[in-house]
Amino acid sequence: MPSLNELVRRHTTLTGADVEWLHMLVSEWQLLSDLSFADLVLWIPTWDGIRYVSVAQMRPNTGPTSYQDDMVGHLVPRGRRPLLDAAYDEGRIVREGDPEWREEVPVRVESIPVRREGKVLGVIARNTNLLTVRTPSRLELTYLQSASDLAQMIAAGTFPYHGVEQTDMDAAPRVGDGLIRLDADGVVTYASPNALSAYHRIGLTTDLVGSHLGRTTAELAPPARAAVHEGLVKLASGWAPRQTEVEAQGGVVTLRAIPLKPKGTLTGSLVLARDVTELRRRDRELMTKDATIREIHHRVKNNLQTVAALLRLQARRMDSAAGRAALDEAVRRVGSIAIVHETLSQTLDEQVAFDEIADRVLAMVMELSQDGKVATRRTGSFGILSAEVATPLAMVLTEVLQNALEHAFDPKDGGSVEVSALRGRAPATGTGWSESWNGGAKPEEYLLITVQDDGKGMPEGFDPQTAGNLGLQIVRTLATNELGGSFDMVANPEGGTKVVLEIPVP
């Protein structure tokens, strides 16, 4: 289905400011649809003026739909729908005419001009399914009166509100969550059962009708600074289009105020209320859980650093050079895991930007270099990785770099080691990207890592898949079993050795 932007660009000559106004209207018009119990279709005249194109559609949550099919993208010539013509040409709300019959369903059609800065941009067709019409209740009458006020504001170009911070419509209360109608003084003239229940949740023990909603809401809120209460009184009185949350007596209610000015002056307001107590309770539980997880990572990091410090102390007291070297290797292995946990302790989820970890591992392993004669660098990006991948990958990278610095260069010589990362979609091959993959099937995302040096290369007859070196055993085990990838070590065509790791990234 084409978007509003595409349809406007293809069929009309509206300016960017006009299109932005339509976007603001469409983001808010679920309110009008629900209050009207009606479908809404936005029609815009085409560039040649002989047709209308429907650029947006909304169905009500409060009643049956009048359209079983999507109307977006339909074109109708002028003259076929006289109510559209009259509303657009005369700039007024048009309600004349008999109901239309659609698939044996009577539908009342009304047309509301959409005005911006004195210019009529298009027309909203409001279509009400009359099949279930019955004697309206007080709630339905309040809905319809409020819908009539909003329609007049749209026709006058005063709704949606220009220059007001946009409301997050996903989190905003809806009509069915709870509706309160206020008069011009902020006194409640009607409160739906859901709205009354929401206020009971935060401590109200009486009825709302007849009370001043702003002062009543401020009295229910816990004691706070006078300025905070003054702002709450103004918002709950409906004098400005705002949204806030009120927490009291263990309950939380979201309020959204909508001033109604059908004739240019304030005649009353709508306040939508939603009980979000359980949502906020779950949010707090999640925040507590996240904080606990970060604290656990922080403590694990501290414990690992303590272990590393103890190993260093032990290494200094070893008489055997081989023993000291083994303990130094253990310190680096523990340190690489500690780096991952330190990074995780600073994030809001179990995801890490691995580039930072790779750089810190490089710096840590460089302590083994021959008096700084070996240069290291990283190219490419590892991207965001989960903790399940980051921890073993840090270990693998540590072992591969440590092996290169220990065995690739003579003590008197220098050299360079380069770590490169490439992330994309391709199947694993064990030696890099597959040349045979043609992109027909949808593969997983893979991370290709190469560590290459310009040292003396591998000894004659060396097989990296069977070598008994502990470091290589760790790399093979983690790369294949833990990470589900592949590992290989080959001669670098330009001299030295190249290690290739290819790992699937969930």
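This is a predicted model: local features need pLDDT of at least 70, side-chain atom pairs count only at pLDDT 80 or more; totals for chains, interfaces and linings use all residues.
Reader: Is strand β16 largely enclosed or open, and why?

Author: Strand β16, residues 445-453, is largely enclosed by the rest of the structure, because 7 of its 9 residues are buried.

Reader: Which strand does β16 pair with, and in what sense?

Author: Its partner is β18, residues 497-505, and the two run in the antiparallel sense over 8 bridges. Within that pairing, Glu 445 stands opposite Val 505 of β18.

Reader: What covers the buried residues of α13?

Author: The cover includes α10 (321-344), α12 (387-407), β17 (486-491) and β18. The buried residues of α13, a helix spanning 470-482, include Leu 472, Ile 474, Val 475 and Leu 478. Arg 476 is also one of the buried residues there.

Reader: And what follows α13?

Author: Gly 484 follows α13, and its phi is positive, near 65°. Helix α4, residues 82-90, is followed by Gly 91, whose phi is positive, near 65°.

Reader: What do the buried residues of α4 pack against?

Author: They pack against β1 (39-45), β2 (51-58), β5 (105-116) and β6 (119-129). The buried residues in question are Leu 83, Leu 84, Asp 85, Ala 86 and Ala 87.

Reader: Changing topic: how many aromatic pairs are found in the whole structure?

Author: The search finds 4. One of them joins Phe 159 and Tyr 161 in an edge-to-face arrangement, with 5.4 Å centre to centre and 80° between the planes.

Reader: Is Phe 159 buried or exposed?

Author: Phe 159 counts as buried, at 3% relative accessibility. Tyr 161 is buried too, with a relative accessible area of 15%.

Reader: How many salt bridges are found in the whole structure?

Author: There are 26. Among them, Glu 90 and Arg 92 meet through their side chains at 2.4 Å, N to O. Glu 90 is partly exposed at 49% relative accessibility, and Arg 92 is partly exposed at 33%.

Reader: Which parts does the pair of Asp 275 and Arg 201 tie together?

Author: The closest N and O atoms of this salt bridge are 3.0 Å apart. Asp 275 lies in strand β11 (residues 268-275) and Arg 201 in helix α6 (residues 193-201), so the pair ties together parts that are 74 residues apart in sequence.

Reader: What separates Asp 283 and Arg 280 in helix α9?

Author: About one helical turn, because they are 3 residues apart in that helix, which covers residues 277-316.

How values were computed: Residues are numbered from 1 along each chain as its sequence is written. Side-chain values use heavy atoms; hydrogens and water are left out. Buried means under 20% relative accessible area, exposed over 50%, partly exposed in between (1.4 Å probe, protein chains only). Helices (H or I, at least four residues) and strands (E, at least two) are DSSP runs, numbered from the N terminus. Two strands pair if DSSP finds at least two bridges between them. Rings of Phe, Tyr and Trp (its six-membered ring) pair if their centres lie within 6.5 Å; planes under 30 degrees apart count as stacked, over 60 as edge-to-face and the rest as tilted. Contact means heavy atoms within 4.5 Å. A salt bridge is a side-chain nitrogen of Lys or Arg within 4 Å of a carboxyl oxygen of Asp or Glu.
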